[in-house]
Amino acid sequence: MVTRFTSIVRRFSLPRMDTHAALAALQWQIELGATEVIADKPLNRFNAPKAAAHAAVAPATTAPALADPVAEARHAADSAPDLESLRAAMAAFPHCELRKGARTLVFADGMPGARVMIVGEAPGRDEDRQGLPFVGRAGQLLDQMFTAIGLKRHAEEAPTAFYITNVLPWRPPENRDPTPEEIAMLLPFVQRHVALAAPDIVVPMGNISCQALLGQKGITRLRGTWREVLGRPALPMFHPAYLLRNPAAKRTAWHDLLELRSKLDGGTA
Ligand code: URA
């Protein structure tokens, strides 16, 4: 699906096109599915040398034919001895089509080694641009929520910090839900991520994260109940984007935050 386009309405780039023709061409691209301008000048990719044609959106790697991308992801992830190697292994992993439509690989933010690790769904537009998870509106709410229980992503010490990543490191086109195949292919990386970050508690945020990490959907039923992710206590919570759409659910989110705080303070789950 086409999700990005190069501005064609800029007069300097197409001096002989009148405004009506330019608007009609723009409308046509929008109908094809374009959602975002990525450059000022048009680039004819049919004329570009083959290797350079996709360089702007999908650096370097071309996927060789492969029998089992999930097995390859598992091997690449499990071979990473630390977080930087894991990031490099993800950047080199060629088999997920999502990477072609994304600007950046969004790996993580916050403090590795923090007691709490939050796992969200996938980068949105702001995250794709900045290369960091949860920096848009949902991310701002998330920061407020965790600050309220004394945790910050940029805290100076591990006990008051959190660490944050997503199931998917690349933004899906138009923020669509990832397919089960995409989740299965990227799961080895997020599992290794949890193992290497080694938090005391994992917080899967939203349905996609629960589906990936717990193998279960139904966040309304799962939230606020203690589960296990790779042998670590896990507390599923509503996704902040859901809370923005359903402010009434903030009450239950507050309950879950207090539950998390109590567990950190040594309370029983
Ligand atoms: N929603 C997510 O799940 N992750 C992000 O990084 C941003 C929004």
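This is a predicted model: local features need pLDDT of at least 70, side-chain atom pairs count only at pLDDT 80 or more; totals for chains, interfaces and linings use all residues.
A residue counts as near a molecule if one of its heavy atoms lies within 4 Å of it.

View 1. Residues are numbered from 1 along each chain as its sequence is written, and side-chain values use heavy atoms, leaving out hydrogens and water. Around the ligand you'll find Gly120, Glu121, Ala122, Pro123, Glu127, Pro133, Phe134, Asn166 and His239.

View 2. A polar backbone atom of glutamate 121 is 2.7 Å from a ligand oxygen. For phenylalanine 134, again a polar backbone atom, the distance to a ligand oxygen is 2.9 Å. Histidine 239 uses a side-chain N or O atom, 2.7 Å from an oxygen of the ligand.

**View 3. Helix H4 against helix H8.** The axes of H4 (residues 83-92) and H8 (residues 180-197) come within 10 Å and cross at roughly 170°. That makes the pair roughly antiparallel (angles over 145 degrees, on a 0 to 180 scale between N-to-C directions).

Note on methods:
Helices (H or I, at least four residues) and strands (E, at least two) are DSSP runs, numbered from the N terminus. Angles under 35 degrees count as roughly parallel, over 145 as roughly antiparallel, 65 to 115 as roughly perpendicular and the rest as oblique. A polar contact is a pair of N or O atoms within 3.5 Å; within protein, one must be able to donate a hydrogen and the other to accept it, and residues adjacent in sequence count only if both atoms are side-chain atoms.
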